[in-house]
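This briefing covers one structure, shown below.

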Amino acid sequence: MDSKSNLKNFIAYLPRNIFSGFVVSLIALPLGLGLAIASGAPPMAGIISAIVGGSVVALLGGSNLTITGPGNGLVIVVLSAILTLGEGDNYQGYLFTLAAIIISGLILVLFGVFRLGSLSEFFPSSALQGMLAAIGIGILATQVHVMFGFASEKGSALEQISTIPKTILYLFENPTIKTLLGATIGCISLLFMFFYSKIRIPFFHLIPAPMWVVIGSIGVVYYYGAILNSPVPISEDLMIRLPENFLGEFPAPNFTKVLNIDFIGFTLSITLVAFLESLLSIKAVDKLDPKKRRSNINKDLRALGLATIASGFLGGLNVVTVIARSSVNVNNGGTNRSANFFHALFMLLFILLFVSQIQKIPLPALAAILVYTGYKLAAPENFIRIYKIGKEQAFIFLITLFGTLVTDLITGIASGVLCTFIVHLFLNKSFVLFSRNWLKPSVLMFLEEESGNYYVSVKNFCSFLNFYKLKKKLDEIPETEHAIVDFSLCDFVDHTVMEGLNNYRRVFASKGGLLETIGLDIRSAETTHPFAVRKSLPQSNFLNFKSSLTKRQVSLQKLSTILDWEYLAQPVSDSGDLEKFLFFKTKLINYQYNSLKSKNNITSFFDLSYSEGAFIAKENLEATFLKIKSPKKLPVFVLDKENLMSIFYSFSRSKDINFKQHPVFSNRFFLYGDDRKAIRSLFSKDLIYFFENQPTYHVESNGKSVLIKGGDRLASIEEIKKMLSFAEGLGVVLSKKED
Amino acid sequence: MNFQPFKKILIGFAFSPNLKANIYESLRISSALNAEIIFFHVGEKTSEKASTIENIIKSCPQKNKNFSICWKSGKPVPILIKACYDLKIDLLLIGALKRENVLKFYLGSIARKITRNVSCSVLLLINPSLENRLLEHVVVNALDSPKTKETIKIAFYISRAFLSSKLTLVEEISRSKVDVQVDDDVTLKRAMLKKERLAKEEKNRVEDIIKNLPKEIKGEVNWKTQSIFGKRGYSIGHYAKVVRADLLIMNSEEKYSFINRLFPKDLEHILAEIPTDVLILKNRKNG
């Protein structure tokens, strides 16, 4: 019975997953080619990795919405593996590296079998951020040259950075069409990547930015070929070359260097990065899942390992879970692992059908995509965010960053871990606290039999060294319950733990439960080491807004006195029941600010910062929202302007509800919701008349409250006034309704 | 009342700043338990010392006529252990040292050594006070062991003697018994069901024991059960601390072997990190 309805569901959602898989493949194709080329491997290696990864992990994996394929993190490690192991012969190096990839896949399978997924908890979060930033700088440093039209620039990341001015200077000294065209394509592509999220045309966003870049640059090449009938003035080594018969011959991995010390080092580095990148991505995607499912990390690791082995034997790169592509999947309505499978299938189709077009992609365009990726990893915002949490965190971040750049990845992350530990020792001025209590089961969890709450008490200290113990207990609590984490017996709590707990808090909130932390304020008041980390719980704001108000804020304040409402300019991260609205199902709410609330608590409006997607597919948005408590129970519905997007949505998501007797309303609005009957009875004549005669807003109900949103930007004072009168009118119409 | 597990109580005292509090505490305990109290000092008897201790006993508002003072010199630990044996002591009181630094852990407070080797039950007092304290909340370890029935009986007896307002019987369930790894939503559900079942079984077991206790021991004690999952011995100490219990009652273990000391078990955890006053019951035939 259950499996029957599962199958039915699966088939019902199939169109959505095919659609989502298609959109993902549009971004995966350029990324796959680019990452492989940047890694020093043949372009096909990235495509193979995505095809094998997508199909194997879709069949055997333990997560739901993740997309798998070649990962950003591995670019630098694989590149140096190929260069070092090849000793001048890059193709030989590639064959050696394939062997390392296969072995790393094997290690990942073992990790999964022995349930070592929790090992990732032992990396302090600031050190991890530092490592990611170093990887980002590495990608950026190598790809900037390609973006400017120079195919081969060798050396370490630091050397590459130092030669960037020389590269740019060369362009100005030799301004021929041949050098300039490549650089222009690269630079325009990069600018496009940066400004893509600023272009707010929904239809345009159906195709991901990297695909636009590819289409645009192919267009330029065709322009020269078909219209000017002249050869493209881009040098041969700046074009993609695919083998003639790529399905027939696969490279043979070379295992002869297995005992070589360099080989072992690279294998470990590749494994470590693949492991960390996958786990970080899986966790991040779980947070985006509208259904808030929990991924089986160890099962996923096994699948990723197997996929990596298969990919390695076919000549592909590591298969890791990738965050940007996964978030695109979530945003386009993917619901299960079949989306990953379809992404792989479309990749296969592309490579079979468009071989010649793909060979027209100029490398500077792909490099621009990667430069953007590298920039996102190493963006100064990341550092500033960490600096605001605490100076010591910034120190750890920098140590790891430079450690990784100057030496290698393993040494870098090891120095970050060590540095974190030393910082902790320094902060506590006690080695004993750690040495004596490390191995103790310092976490107690029990179900309070009187209240039915879960109570978790942490003793001694809680840091990255033993966070896994706390996590294990927290994982055993269903997220729909009320949990209390008590630190009053704990002398020290570090940043990794605070950040981790904040993630748990979010998951609990989104699933209808509650996770509270107590005992931290008391503790820091009576002991001498108040750890800055405590401030990183976003309840207290670390964003440090300036005390002086902007012009808009002053007018808002005036408005609040006229209305006799409460006004709060400071950002608050507690979003209340906002996450229960369909609109926020696949979005992350950062914080709300400039909130105005009526005294009777019925109406409130606020500016909200939220984001869609993740990593390079991330878009940060700000808009003004108005929320009213409904006078009576409503069905869950969404009412929006009907446009091209809604046609797409009605194909991939839900059907528009139309009313025969109200053609104007039906044409203007896109209305949907699960309980169609209840919605139809709610939208009676007077309500439809009301909506027809008002400006169009995005209106949706979560059953108890109604959310009203204007445009995709902050509203002006006049617009706010209009929204208020709209809300007032809506409230009147709704309260007139009979039950 | 026929049931009287502690007829003879011994307290070893030293001339420390805690002396007065220790004496007061022991007088209160012995009179609440209606027992004979022996003040035992390891060291030379001098008239000065004798008068100090007598003055303290006299000054205490809580009187117990049934007391005596013993003096003996030698090595403290073996002498105390021998005295307990020779004098047929039922309960030994020790003012333990709360852990403060690593030094004390390695020197091993005398209390730890004595607890390991003494033949009678031991009550460790971590913060004796001059003022009359109430024993509000008693926590007792009700793990599945043949000794537990007796332990629960004594816990009820003590709760009544000290008029405690609450007695919690804690069933520690070893994590390995759950035997379900939580990976995703499905396994979480499975683990939850298994835990619920185990907790219910344990609860039934403890409730059965209590049902069979004679009425005059049970009295009107307000008791409840609580099951916790975690490392045996360690988690109950943690629990006692969390609920701010005033007394924790534990079974003693069978025999301390060399292995036990290398790999601390139930009691060792408690002794290493004494959460509150602890009563360790040794199964010695009464009389």
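This is a predicted model: local features need pLDDT of at least 70, side-chain atom pairs count only at pLDDT 80 or more; totals for chains, interfaces and linings use all residues.

Residues are numbered from 1 along each chain as its sequence is written, while chains are lettered from A and ligands numbered from 1 in the order in which they are written.

**Chain B overall**

- Chain B has 12 helices and 10 strands; helices (H or I, at least four residues) and strands (E, at least two) are DSSP runs numbered from the N terminus.
- Of the 287 residues of chain B, 39% are buried. A residue is buried if 20 or more other C-beta atoms lie within 10 Å of its own, exposed if 12 or fewer, and partly exposed in between, with C-beta atoms placed from the backbone.
- Helix α2(B) is hardly covered, as the count of buried residues among its 13 residues is 0.
- Among contacts in chain B with a separation of 6 or more, 82% come from residues 24 or more positions apart. Two residues are in contact if their C-beta atoms, placed from the backbone, lie within 7 Å.

**Strand β10 of chain B**

- In strand β10 (residues 277-281) of chain B, 5 of the 5 residues are buried, so the strand is largely enclosed by the rest of the structure.
- In a regular strand the side chains alternate between the two faces of the sheet.
- From β10(B), Asp277(B), Leu279(B) and Leu281(B) point one way, Val278(B) and Ile280(B) point the other way, and all are buried.
- Strand β5 (residues 121-125) of chain B pairs with β10(B) in the antiparallel sense over 3 bridges, and Val122(B) stands opposite Ile280(B). Pairing requires that DSSP finds at least two bridges between the strands.
- Strand β9 (residues 247-251) of chain B pairs with β10(B) in the parallel sense over 5 bridges, with Leu279(B) as the bridge partner of Ile249(B).

**Contact between the chains**

- The contact takes 21 residues from chain A and 21 residues from chain B.
- On the side of chain B that touches chain A, the elements giving two or more residues are α8 (185-211), β8 (223-229) and α10 (234-242) of chain B.
- The largest share of that side comes from α10(B), with 6 residues.
- The residues of the chain B side divide into 9 nonpolar, 6 polar and 6 charged. Here Ala, Val, Leu, Ile, Met, Phe, Trp, Tyr, Cys and Pro count as nonpolar, Asp, Glu, Lys and Arg as charged, and the others, Gly among them, as polar.
- Strand β3 (residues 443-447) of chain A runs antiparallel to β8(B) and is joined to β8(B) by 2 bridges; Phe446(A) stands opposite Ile228(B).

**Chain A overall**

- Chain A has 28 helices and 14 strands, and 47% of its 739 residues are buried.
- A compact globule of 739 residues would have a radius of gyration near 27 Å, and chain A has 27 Å, which agrees. The radius is taken over C-alpha atoms, and the globule rule is 2.2 Å times the number of residues to the power 0.38.
- Along its principal axes, the C-alpha trace of chain A spans about 80 × 75 × 60 Å.
- Among contacts in chain A between residues at least 6 apart in sequence, 78% join residues at least 24 apart.

**Nonpolar cores**

- The largest nonpolar core has 228 residues, and those with the most contacts inside it are Val78(A), Ala368(A), Val371(A), Leu92(B), Val138(B) and Val140(B). Such a core is a set of buried Ala, Val, Leu, Ile, Met, Phe, Trp, Tyr and Cys residues joined through C-beta atoms within 7 Å.
- Helix α5 (residues 125-147) of chain A gives the most to this core, with 14 residues.
- A second, separate core of 34 residues includes Phe625(A), Leu639(A), Phe683(A) and Tyr697(A).

- Glu87(A) has a positive phi near 45° although not a glycine, lies in the loop between α3 (74-86) and α4 (90-113) of chain A, and is exposed, with 11 other C-beta atoms within 10 Å.
- Asn594(A), also not a glycine, has a positive phi near 50°, is found in strand β8 (residues 587-597) of chain A, and counts as buried with 22 C-beta neighbours inside 10 Å.
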